Amino acid sequence: MDLNIRIPDHTAQIFDYLQKGLFISSNSTNEDVRQLYDDIDENFEALSLYFGQIGYTLERGNEYFYFARNEPRATLEQKLMRAYYWIDVLDLFKTYDETFGPGFRFQPEQILVEANINVLLQNKLDGIRKHFSDKDVRKDVLDNMIRQLTKDSFLELENEKDNTYKVMSSWHYLERLIESIQIYDETEDDEKPE
């Protein structure tokens, strides 16, 4: 196939970032990441064609970009366990604050203080322990979860001094993932008249 397309100068940086499984969000606190977002946004079709030729699918979300992956090696059980984890994570943060989503700022300490007075939040945080077998203390569980969410580019540490995190636009990906889960009740099928 003859590709006669113009790709942006930062294509290598875009590839290096996305191929790690990270998201490029429009509301990143990092100016370089915001520039990559703008480059992709302005050149989406050309980059989609280019990356498609080397086996990557560039996907556009709600103010974020990522590479879609085919994971034929992952077992159904592994995918289900990961989905359970994401459900628990979103449930925890929405219990903490219903408005939790892209652009939201928080300090982990606030969540721990709230968990001390909100039994429901406390139970949800305790429930996440099952995903981190070596973590018994709530603070350790929360720190480990936030560290992973930051590594996966769903959160960014915005202010090191007061330990403030910002939720990235890529959070929409998790919300969309959970919303797309459909649970079928097999008993309903049995009760349908013939």
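Helix α5 passes helix α7 in a right-handed crossing, a term that applies if the near helix is turned clockwise from the far one by less than a right angle, the anticlockwise case being left-handed. The model is predicted, and its local features need pLDDT of at least 70, side-chain atom pairs count only at pLDDT 80 or more, while totals for chains, interfaces and linings use all residues. Residues are numbered from 1 along each chain as its sequence is written, and side-chain values use heavy atoms, with hydrogens and water left out.

Two packed helices are described by the angle between their axes and the distance between the axes. For α5 (residues 108-117) and α7 (residues 138-151), the axes come within 11 Å and cross at roughly 140°; axes here are lines fitted to C-alpha atoms, for helices over the stretch in contact, with angles from 0 to 180 degrees between N-to-C directions. The two helices are therefore oblique to each other, given that angles under 35 degrees count as roughly parallel, over 145 as roughly antiparallel, 65 to 115 as roughly perpendicular and the rest as oblique. Where they meet, Pro-108, Ile-111 and Leu-112 of α5 are in contact with Arg-138, Lys-139, Leu-142 and Ile-146 of α7, contact meaning heavy atoms within 4.5 Å.

Helix α7 also lies across β4, β5 and β6, and runs at about 100° to β5. Helices (H or I, at least four residues) and strands (E, at least two) are DSSP runs, numbered from the N terminus. These three strands form an open sheet in the order β4-β6-β5, with antiparallel pairing, where two strands pair if DSSP finds at least two bridges between them. At the edges are β4 and β5 (155-159), each pairing on one side only. Two bridges join β4 to the antiparallel strand β6 (residues 164-167), and Phe-106 stands opposite Tyr-165 in β6.

Gly-103 is partly exposed, with a relative accessible area of 28%, on a scale where buried means under 20%, exposed over 50% and partly exposed in between (1.4 Å probe, protein chains only). Not counting residues up to four places away in sequence, Gly-103 touches Asn-27, Lys-166 and Val-167.

A second open sheet of three strands has the order β1-β3-β2, again with antiparallel pairing. Its edges are β1 (24-25) and β2 (57-60), each with a single partner strand, so one side of each is left without a neighbour in the sheet. Two bridges pair β1 with β3 (residues 64-68) in the antiparallel sense, and Ser-25 has Tyr-64 in β3 as its bridge partner.
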